[in-house]
Amino acid sequence: KAFSMINDYYGYETGNRLLKVFVRDLKRLFNKRCLVSRYSGAQFVVVCYGMIKNKHDLDDVFDCLISLSEKPYDIHGHKVTFKMSVGYAVFPDDTDDLNRLIALSSIATKHAASDEKCAIMRYESQMGEALQEKVLLGHRIMSAMEENEIDVFFQKVIDVETKQVTYVEELVRWTDKEIGYVPPDRLFDIAKDFHMTNKLELYICEKTFAYFSSFCQQAQYQNIKLSVNLTPESLTSRRFLNHFDKIAEAYAIDKEDICIEISEKAFVNHTEVLIDSIRTINQKGYRIALDDFGKDYSSLSMLEKIPFDIIKVDKLFIDDIQDEKNQEIIKMVRNVTKLSSAEIIAEGVETQTQSDILHVLDCQQQQGYLLHKPEKLV
């Protein structure tokens with residue numbers, strides 16, 4: 001990612017020049033003691049043979065490698081630095097096959113790159129097991145969609161003043177016959193790794209809308225609205241949104257009865273393009289809810305930019321609702337929604353005390369296990 005940013009910011013000519021200078025330094029560093037080769041992109045393989053006899057020798061090698069990334073490189077007048085991530089495996093302890101040795105080192109490198117605290121990692125068996133599990137899950141997700149095994153449950157949002165159901169939120173549930181229960185976050189993380197996010201969400205939307213069109217015919221659900229959770233990847237895809245529109249039309253569901261929930265953490269990396277998509281969605285008639293508000297990326301300035309209809313206050317504040325600071329925060333959010341003629345929903349309500357305090361704070365719409373546990377409504 002670091003080299004990708006360099007290419008994007010300075011241009012590929014600067015990036016390519018940096019690679020050449022880095023390789024020159026790498027070859028000088030190891031001289032004839034190691035085989036140095038470019039693997040792919042900005043990845044390199046260093047095979048050391050005969051020069052490492054103990055942990056001290058290994059540490060020396062790592063110190064030399066890291067020193068290369070700590071110094072600034074003067075490339076076409078630009079002072080450029082980058083982060084280096086090092087993964088390694090040991091012959092013959094980890095494997096006695098050279099190709100396998102490189103593959104295991106590559107796996108360790110990915111773990112080092114994702115760890116903010118550690119830039120150097122040795123391959124461990126659990127890394128391979130985690131990769132194997134991920135690949136297996138990727139195949140099982142595709143199979144589960146084909147066999148209609150991933151299901152949708154619903155949790156009600158209750159107006160505690162009127163005792164009426166105002167919304168039902170779709171929640172994905174998947175218990176694989178081989179793997180067992182897979183949490184939704186894990187399901188979507190794997191789907192993203194295998195570029196299946198849009199496919200999975202269209203599958204979920206199809207099932208959700210089918211269920212909703214069926215049970216909303218019942219008298220107790222005739223005036224409710226449906227909340228669906230969408231990822232930034234789907235929200236910023238024109239192709240996905242076109243399919244989304246067609247599914248809603250196929251089940252004769254009014255767009256005004258559909259609320260699209262967007263987690264606030266989505267705005268960390270997708271701010272401008274996501275806001276543009278939200279405006280387009282809002283103009284079509286769909287309602288917009290800011291989900292998990294206050295959990296990850298709270299910014300009051302965002303409320304000016306986003307055409308929201310609902311703010312869903314995160315469970316984080318509800319858990320400690322007796323704290324006066326949390327009550328003041330909820331009051332502030334409630335005032336913001338009043339100014340915008342929007343709604344506020346408290347998530348994660350689990351005790352009667354929490355519900356009562358929220359009621360006093362003019363937060364009547366509540367969601368949580370106290371009021372309703374997720375279930376199939378058809």
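This is a predicted model: local features need pLDDT of at least 70, side-chain atom pairs count only at pLDDT 80 or more; totals for chains, interfaces and linings use all residues.
Me: Where do helices H2 and H3 sit in the chain, and at what angle do their axes cross?
Reply: H2 covers residues 12-30 and H3 covers residues 55-70. Their axes cross at roughly 155° and come within 11 Å.

Me: Parallel or antiparallel, then?
Reply: Angles over 145 degrees count as roughly antiparallel, so H2 and H3 are roughly antiparallel to each other.

Me: And is the crossing left-handed or right-handed?
Reply: H2 passes H3 in a right-handed crossing.

Me: Which residues make that contact?
Reply: From H2 there are Phe-22, Asp-25, Leu-26, Leu-29 and Phe-30. H3 brings Val-61, Cys-64, Leu-65 and Leu-68.

Me: How does the contact of H2 with H3 split by class?
Reply: Eight residues are nonpolar, one is charged and no residue is polar.

Me: Switching to H5. How do the axes of H5 and H6 cross?
Reply: The axes of H5 and H6, the latter being residues 184-193, cross at roughly 90° and come within 9 Å. The two helices are therefore roughly perpendicular to each other.

Me: What meets what there?
Reply: On the H5 side are Glu-133, Lys-134, Leu-137, Gly-138 and Ile-141. They meet Arg-186, Leu-187, Ile-190, Ala-191 and Asp-193 in H6.

Me: How many charged residues is that?
Reply: Four are charged, along with five nonpolar and one polar, in the contact of H5 with H6.

Me: What about H5 and H7, at what angle do they cross?
Reply: H5 (residues 125-146) and H7 (residues 197-215) have axes that cross at roughly 30° and come within 11 Å. That angle makes H5 roughly parallel to H7. The crossing of H5 and H7 is left-handed.

Me: Which residues of H5 and H7 make the contact?
Reply: H5 uses Met-142, Ala-144 and Met-145, while H7 uses Lys-199, Leu-200 and Tyr-203. Five of the residues in this contact are nonpolar and one is charged, with no polar residue.

Me: Now cavities. How many are there of 30 Å³ or more?
Reply: The count comes to two cavities of 30 Å³ or more.

Me: What is the volume of the second largest cavity?
Reply: The second largest cavity has a volume of about 40 Å³.

Me: Which residues line the second largest cavity?
Reply: The lining is made of Glu-170, Phe-188, Glu-201, Ile-204, Cys-205, Thr-208, Val-228, Asn-229 and Leu-230. H7 and strand E11 (225-229) are the elements that give two or more residues to this lining.

Me: Which element gives the largest share of that lining?
Reply: H7 does, with four residues in the lining of the second largest cavity.

Me: And how do the lining residues divide by class?
Reply: Five are nonpolar, two are polar and two are charged in the lining of the second largest cavity.

Me: On to the backbone. Which residues does the cis peptide bond join?
Reply: The cis bond joins Phe-91 and Pro-92, with omega about 0°.

Me: Where is Pro-92 found?
Reply: Pro-92 is in the loop between strand E5 (86-88) and helix H4 (98-114).

Me: Last one: what is phi of Asp-292?
Reply: Phi of Asp-292 is near 55°, which is a positive value in a residue other than glycine.

Me: Where does Asp-292 lie?
Reply: Asp-292 lies in strand E13, residues 287-293.

Definitions and conventions
Residues are numbered from 1 along each chain as its sequence is written. Side-chain values use heavy atoms; hydrogens and water are left out. Axes are lines fitted to C-alpha atoms, for helices over the stretch in contact, and angles run from 0 to 180 degrees between N-to-C directions. Angles under 35 degrees count as roughly parallel, over 145 as roughly antiparallel, 65 to 115 as roughly perpendicular and the rest as oblique. A crossing is left-handed if the near helix is turned anticlockwise from the far one by less than a right angle, and right-handed if clockwise. Contact means heavy atoms within 4.5 Å. Ala, Val, Leu, Ile, Met, Phe, Trp, Tyr, Cys and Pro count as nonpolar, Asp, Glu, Lys and Arg as charged, and the others, Gly among them, as polar. On a 1 Å grid over the protein atoms alone, a cavity is a set of points where a 1.4 Å probe fits but cannot get out, and a pocket is an open set with protein on both sides within 12 Å along at least five of seven lines; lining residues have an atom within 4 Å of a point. Grid points are joined across faces, edges and corners, and a volume is the space filled by probe spheres set on the points.
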